[in-house]
Amino acid sequence: MVVILSLFMAIAYSLTQWRDVVTITIVIAIVVLANGWSGLVHTPDRYPAAITTMIVGIPTVVIVRLTNDMAWGTIALGLTVLVAAVVEMGRPQPREDLVKSLSASVAAGLIAVLGSAWVSLTTSPLWSIILIGAAVVTSLTVIGDQFGTSLWSNTIGSLVVGTVSGILLGSVAIFMGRDAHIVALAFPALPGAGNSLISIMITSGVLGLAIGAVIAIVDGLVGEHNRRCTEAGAFARGAMKFLLAVTPIYLLVHVGAL
């Protein structure tokens, strides 16, 4: 699921430069997340979380695309709790495991909103280059996450492959002559930024490590090491990894650029 979403977005966007490719990819991921979230976290009722995720996630993606402003995502994060509570009120009495169901709905909605940050990265040509590279790193990292059968082996594989693939991405940036621009954007105050070779390796390595950490954390929280989930739940976990992988990228680009 992660590889399909990441590579489709990276390849289609790099070939067409059509921003709505990214928008459509995120919407698909949100739909997959909504459909399988109940099977992934075992909620008492599948519909509240699915409805909350769709109501909050898809409009946020569309608004961010139209306004080019991720600030709307911040507003959506606050509204998620309200929407989840209202949807939960629609459950028939008695509402079993109310707290669990409500928290699951809020969590799914937050993940969907955070995923809209992928769309915000299309507002700049330089950010778009980082988006494409990060999507490729994400797909490679999730493959590394399959090493071994234990949580620790998966985690090590995710972190190592994420870091290595990030450094390889930095090497490609140097080869293309885009390293100085990326470093100036991401880490303007980085010690030794005058040496673009060292700086880009640090930048890309940290990016890959952060993506690897996100993948490992998702597996640690909702992986199948201790319990099984439904097939739809497994797809939802993949969509969750894809949507959350953008978080460190967004922080690197937007916060660093400030």
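Helix H1 (residues 2-16) packs against helix H2 (residues 19-41) at an angle of about 165°, and their axes lie 8 Å apart. Axes here are lines fitted to C-alpha atoms, for helices over the stretch in contact, and angles run from 0 to 180 degrees between N-to-C directions. The model is predicted: local features need pLDDT of at least 70, side-chain atom pairs count only at pLDDT 80 or more, and totals for chains, interfaces and linings use all residues. Residues are numbered from 1 along each chain as its sequence is written, and side-chain values use heavy atoms, with hydrogens and water left out. Helices (H or I, at least four residues) are DSSP runs, numbered from the N terminus.

H1 and H2 are therefore roughly antiparallel to each other. Angles over 145 degrees count as roughly antiparallel, those under 35 as roughly parallel, 65 to 115 as roughly perpendicular and the rest as oblique. H1 passes H2 in a right-handed crossing. A crossing is right-handed if the near helix is turned clockwise from the far one by less than a right angle, and left-handed if anticlockwise. On the H1 side, the contact (heavy atoms within 4.5 Å) is made by Leu5, Phe8, Met9, Ala12, Tyr13 and Thr16. H2 contributes Arg19, Val21, Val22, Thr25, Ile26, Ile28 and Ala29. By class, ten residues of this contact are nonpolar, two are polar and one is charged. Ala, Val, Leu, Ile, Met, Phe, Trp, Tyr, Cys and Pro count as nonpolar, Asp, Glu, Lys and Arg as charged, and the others, Gly among them, as polar.

H2 also packs against helix H11 (residues 231-244). Here the angle is about 135° and the axes are 7 Å apart. That makes H2 oblique to H11. H2 passes H11 in a left-handed crossing. From H2, the residues involved are Thr25, Ile26, Ala29, Ile30, Val32, Leu33, Asn35, Gly36, Trp37, Gly39 and Leu40. They meet Ala232, Gly233, Phe235, Ala236, Arg237, Ala239, Met240, Phe242 and Leu243 in H11. The contact of H2 with H11 divides into 14 nonpolar, five polar and one charged residues.

The loops at either end of H2 were examined for backbone phi. Most residues other than glycine have a negative phi. Gln17, in the loop between H1 and H2, has a positive phi of about 55° although it is not a glycine. Gln17 is partly exposed, with a relative accessible area of 48%. Buried means under 20% relative accessible area, exposed over 50%, and partly exposed in between (1.4 Å probe, protein chains only). His42 lies in the loop between H2 and helix H3 (46-67). Phi of His42 is also positive, near 60°, in a residue other than glycine. At 32% relative accessibility, His42 counts as partly exposed.

Helix H5 (residues 98-115) has 18 residues. H5 reaches 26 Å from its first C-alpha to its last, close to the 26 Å expected at 1.5 Å a residue. The expected span is 1.5 Å times one less than the number of residues. The buried residues of H5 include Ser101, Ser105, Val106, Ile111 and Val113.

Ser128 lies in helix H7 (residues 125-144). Leaving aside neighbours within four places in sequence, Ser128 is in contact with Tyr13, Leu121 and Thr122. Thr155 lies in helix H8 (residues 151-176). Not counting residues up to four places away in sequence, Thr155 touches Asp145 and Ala216.

Conventions. Helix = DSSP H or I, 4+ residues; strand = E, 2+ residues; numbered from the N terminus.
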